[in-house]
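Hi,

Here is the structure I promised to pass on.

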Amino acid sequence: MPDFTRLILFLFCLTALVESRKPKRRRWTGQLEMAKPSHLFKKNLDVTKIRKGKPQPLLRVEDHDFSMRPAFGGPAIPVGVDVQVESLDSISEVDMDFTMTLYLRHYWKDERLAFPSTSNKSMTFDGRLVKKIWVPDVFFVHSKRSFTHDTTTDNIMLRVYPDGHVLYSMRITVTAMCNMDFSHFPLDSQTCSLELESYAYTDEDLMLYWKNGDESLRTDEKVSLSQFLIQEFHTTSRLAFYSSTGWYNRLYINFTLRRHIFFFLLQTYFPATLMVMLSWVSFWIDRRAVPARVSLGITTVLTMSTIITGVNASMPRVSYIKAVDIYLWVSFVFVFLSVLEYAAVNYLTTVQERKERKLREKLPCTCGLPQARGVMLDGSYSDGDVNDLGNYTPENGEKPDKMMVQLTLASERSSPQRESQRGSHVSVRIDTHAIDKYSRMIFPAAYILFNLIYWSIFS
C-alpha cells in the first residue's frame, strides 16, 4: 500500500510539472503568454569592478611615481604634436597680437600605463586622470593670455592604449604676440607665428616634434577673417637657447595674412581723392569771389586733417612712415597748395591793379574828362548802358588779366546827337589770371602721375 501511494504522488507531481510548462492562453485575446527572458542573462561583465579580495586596477597609477618623466635617466622621450586650428578670432594692429582657438594634441609612450587587453582596445578618460599621471609641460612662447575651455566640463581628453601609447588632447584659446610691419599698410601682408615649447625639460629629456610633418597642422574650412585673407599655414621647428637653462625644442605654427584693401579704398583713399579734386574747383571760380574760394580751400584742408586723424587713431604709434601716410599727406599737400595758389593769384591781382591805376594817372590829356571808373563784374550784368566794347592796352605790352567793365563818361568831343544816344562809353574786358589757367592743367596731371607711381610701388 505505501508503494501505491508513492506512485500516485509521483504521477500527480509529474502532471503538475507538465501543466506548468504549457503556454498559457489569455482569455480576452487568445494570445500565448510567453515567459520573458531575464535581463540578467544579457548584462555585460563590468570590467571596471574591483572584486573583493582581488584588487586588479586596469591602470596601475598608484604603483609608480608619475612626477618623473617616462624612461627617467634614459634618452629623451619623443613627444609628437599636432594641431587643428578651429578659428582665428581676431587680429589687433594696435596691440600687435592675434587670438586663436585650437585643438592641441600630444602623443607619447609611457610603459607605466600599459595594461593587458584581449581586444587591444584603448581606454578614454577625461581631465581627472591628467592630474595623476605625467603629461608634457608644453606652453606657448610670447603668449599674453590663454585658457582651456571648461564648458560644460574641462575640454580635455586622455586616451591610453594597451602598449602604453598615450593621446592627450585639449581645446585652448590663446592670445599671442605678433610683430607686424606696417610700412606697406594697408597694402601689407603679415606673417605671425604661434610657438610651442617645453617649459622644464630640455632637449636632453624631452624631444618635441611635429608628428606628421606639415600634415600635423590642419585648419577648419570655415576659418576666415573680415579684414584679412589667410594665404598660408605651415609648420617649422628649431632649437631655442637660454643662457641659464640650456637648449629646448621649439615648434612654430606660421600663417600669412594679406589685408583686404576694399575697406580702405572706401573709407580712406576715395574720400581723400575727392577732397583733392574738390580743391581744384576753386580754379574755375572768379578770383574776385574771395569768400567762395577761401571757404572752399579751408573746408578741404580741414576735411583732409580729419581723415588723417581718423586713420592714425586706429593704428599703433610706429616711428616709421606707412604707405597710407604717404598717400594722405601728399593729398593734403595738394589741397594746401590749392589754397596757396589762390593767395598768389589774389596778391598778383592787387599788384596788377596798382600798376594799372598808375598808368591811368599818367595818360596824356585827360583834362575835362572825369576819371575813368572800373566796375568789376561778378558774372551778372545786364545794364543797358553797356553798348560798346573798347580795347585798352597798358604800357610795356602787359596783357590785361581781369574781368572788368570800364565806364568812361562822355567827353567834350562827343556830339550832342551821340551824347543823346549814348550817355557813356563802356569798355568791357574779360580774362582769367594766368596762374589759374596753368593750375587747371598742372594740378590734375601731377596728382594722376603721383597715383600711378604710388599704386605701381605698393600694390
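Below is what I found in it, starting with the whole chain and ending with single residues.

A word on the ground rules: this is a predicted model, so local features need pLDDT of at least 70 and side-chain atom pairs count only at pLDDT 80 or more, while totals for chains, interfaces and linings use all residues. Residues are numbered from 1 along each chain as its sequence is written, and side-chain values use heavy atoms, with hydrogens and water left out.

**The whole chain**

The protein chain has six helices and 17 strands. Helices here are DSSP runs of H or I with at least four residues, strands are runs of E with at least two, and both are numbered from the N terminus. Of the 459 residues, 35% count as buried (buried is under 20% relative accessible area, exposed is over 50%, and partly exposed is in between, with a 1.4 Å probe and protein chains only). The accessible surface of the chain comes to about 29500 Å², and 57% of that belongs to carbon and sulfur atoms. Those areas come from the Shrake-Rupley method with a 1.4 Å probe; for residues, only the protein chains shown count as cover. Take the contacts between residues at least 6 apart in sequence: 77% of them join residues at least 24 apart. Contact means heavy atoms within 4.5 Å.

Two packed helices are described by the angle between their axes and the distance between the axes. The axes are lines fitted to C-alpha atoms, for helices over the stretch in contact, and angles run from 0 to 180 degrees between N-to-C directions.

Start with helix 2 (residues 262-279) and helix 4 (residues 323-361): their axes come within 9 Å and cross at roughly 15°. The two helices are therefore roughly parallel (angles under 35 degrees count as roughly parallel, over 145 as roughly antiparallel, 65 to 115 as roughly perpendicular and the rest as oblique). Helix 2 passes helix 4 in a left-handed crossing, meaning that the near helix is turned anticlockwise from the far one by less than a right angle. On the helix 2 side the contact includes Y269, A272 and M275, and on the helix 4 side it includes Y327, L328 and F334. By class, this contact has nine nonpolar, five polar and no charged residues. For the classes, Ala, Val, Leu, Ile, Met, Phe, Trp, Tyr, Cys and Pro count as nonpolar, Asp, Glu, Lys and Arg as charged, and the others, Gly among them, as polar.

Helix 3 (residues 290-313) packs with helix 4 at an angle of about 165°, with the axes 9 Å apart. That makes helix 3 roughly antiparallel to helix 4. This crossing of helix 3 and helix 4 is left-handed. Among the residues in the contact are R293, G297 and M304 of helix 3, and D325, W329 and E341 of helix 4. The contact divides into 15 nonpolar, five polar and three charged residues.

Then there is helix 6 (residues 434-458), whose axis comes within 12 Å of that of helix 4 and crosses at roughly 170°. That makes helix 4 roughly antiparallel to helix 6. Here the residues in contact are 18 nonpolar, four polar and two charged.

**Residues in the loops**

Two cis peptide bonds to look up: one joins T151 and T152, with omega about 0°, and one joins F185 and P186, again with omega about 0°. T152 lies in the loop between strand 7 (143-148) and strand 8 (156-160), and P186 is in the loop between strand 9 (165-177) and strand 10 (189-198).

A71 has a positive phi of about 55° although it is not a glycine. It sits in the loop between strand 2 (32-33) and strand 3 (77-92), and at 55% relative accessibility A71 counts as exposed. M96 also has a positive phi, near 55°, without being a glycine; its loop is the one between strand 3 and strand 4 (97-109). M96 counts as partly exposed, at 22% relative accessibility.

Finally, I133 lies in the loop between strand 5 (123-125) and strand 6 (138-141) and is buried, at 7% relative accessibility. Not counting residues up to four places away in sequence, I133 touches V61, F66, L113 and L158.

Cheers
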